[in-house]
Amino acid sequence: MLSWMRSSIVNPEHPLRPGPWGTVLVLLILGVLGFLALIPLYWMFVTSLTPSVLTMEFPPDLFPKQPSLDNFRSILERPNFRWWVLNSTIMAVTITAMTLVLASTAGYAFGKLRFAGSRPLFWTHILAMMLPFEAILVPLFIIVVRMGMVDTYWGLIVPLLANPFSVFLMKQFIQTLPTELLDSARIDGASEVQVFWHVVLPLVRPGLAFLGIITFVAQWNSFVWPLVVTNSSEMRTLQVGLVLLREEVPLFYGMHMAGAVLAAIPVVLVFFAFQRYFLRGVTVGALKG
């Protein structure tokens, strides 16, 4: 009996694969965790449809008694809401595009080219990954102030373009490509730029998509740096603006949740549009190096 239970939970031929009951147990655990993860999102959506005067009721209702879009109208009519959305879009899209360019070129150089000082320079990038952003926040802000970039798009975007993790990620993707394939292109007369553009980039599209997703989501949800480097309400990003709005009108929970729903829409759309690249991104480097 005991041996049958073990074989049902763990496959004896493939110990890493669960047995029939093990599969059911795994699916059950994942289902419970997924349900728990969706509760805050569901509550945010329900509250956004509930009039603010009803959000203080106790016990709270699982379904809105009087669903209304007034909270969305209220948040959209805020004076600087459109500026917040525009600033977040410009910041996230620009940083994502430039990160893909810089990380792919640097990753190609570290992964497939050999030049003087390449290894020490790469390990410098690895060491830079260990520094939390809070450790460089003050010196970075001082540099921005001295360059006169406070409360500008330059101050929002330029300091965040250098991302050691993005270079490391693309280096790991490009390193898995067969070197013989690149050498054959060079033998055919292709320059390094042509090899990179016509051979490397088409093969690392999953890596570029994965890096683009995590960069866009991180910059869209960025809070600390936009809060520090901007002063005027017109230059605030959406995440900062929503927090300041909560301090300005603290009891309008329905409007706050409506703003959170609108802020989450781009992230959800990007995730569902490119979700198939997440698994490939997680397994990068598993086959080589």
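What volume does the largest pocket have? The answer is about 740 Å³. Please keep in mind throughout that this is a predicted model.

Let me stay with this pocket. Its lining comprises 26 residues, and those closest to its centre are Phe133, Leu160, Ala162, Asn163 and Pro164. Six helices each contribute at least two residues to the lining: H4 (81-112), H5 (118-129), H6 (133-146), H8 (164-175), H11 (205-220) and H12 (224-229). In terms of residue class, the lining of the largest pocket holds 21 nonpolar and five polar residues, with no charged ones.

I turn next to the protein as a whole. Its secondary structure consists of 15 helices and zero strands. The protein has 289 residues, of which 35% count as buried. Its accessible surface is about 17,800 Å², and carbon and sulfur atoms account for 71% of that area. If we take the contacts between residues at least 6 apart in sequence, 71% of them join residues at least 24 apart.

Methionine 129 is located in helix H5. Leaving aside residues up to four places away in sequence, methionine 129 touches Pro164, Phe165 and Phe168. The C-alpha atoms of methionine 129 and asparagine 163 are 8.3 Å apart, although 34 residues separate the two along the chain.

Aspartate 151 is not a glycine, yet its phi is positive, at about 65 degrees. Aspartate 151 counts as partly exposed because its relative accessibility is 21%.

Finally, a word on confidence. The average pLDDT of the protein is 82, and 87% of the residues score at least 70. Over residues 1-9, however, the pLDDT is below 50, and this stretch has eleven contacts in the model beyond near neighbours in sequence. Residues 285-289 also stay under 50, with seven contacts beyond four places in sequence. Where pLDDT is low, the predicted coordinates should not be read in detail.

Thank you for your attention.

Definitions and conventions
Residues are numbered from 1 along each chain as its sequence is written. This is a predicted model: local features need pLDDT of at least 70, side-chain atom pairs count only at pLDDT 80 or more; totals for chains, interfaces and linings use all residues. Side-chain values use heavy atoms; hydrogens and water are left out. Helices (H or I, at least four residues) and strands (E, at least two) are DSSP runs, numbered from the N terminus. Buried means under 20% relative accessible area, exposed over 50%, partly exposed in between (1.4 Å probe, protein chains only). Contact means heavy atoms within 4.5 Å. Accessible areas come from the Shrake-Rupley method with a 1.4 Å probe; for residues, only the protein chains shown count as cover. On a 1 Å grid over the protein atoms alone, a cavity is a set of points where a 1.4 Å probe fits but cannot get out, and a pocket is an open set with protein on both sides within 12 Å along at least five of seven lines; lining residues have an atom within 4 Å of a point. Grid points are joined across faces, edges and corners, and a volume is the space filled by probe spheres set on the points. Ala, Val, Leu, Ile, Met, Phe, Trp, Tyr, Cys and Pro count as nonpolar, Asp, Glu, Lys and Arg as charged, and the others, Gly among them, as polar. pLDDT is the predictor's confidence in each residue, from 0 to 100.
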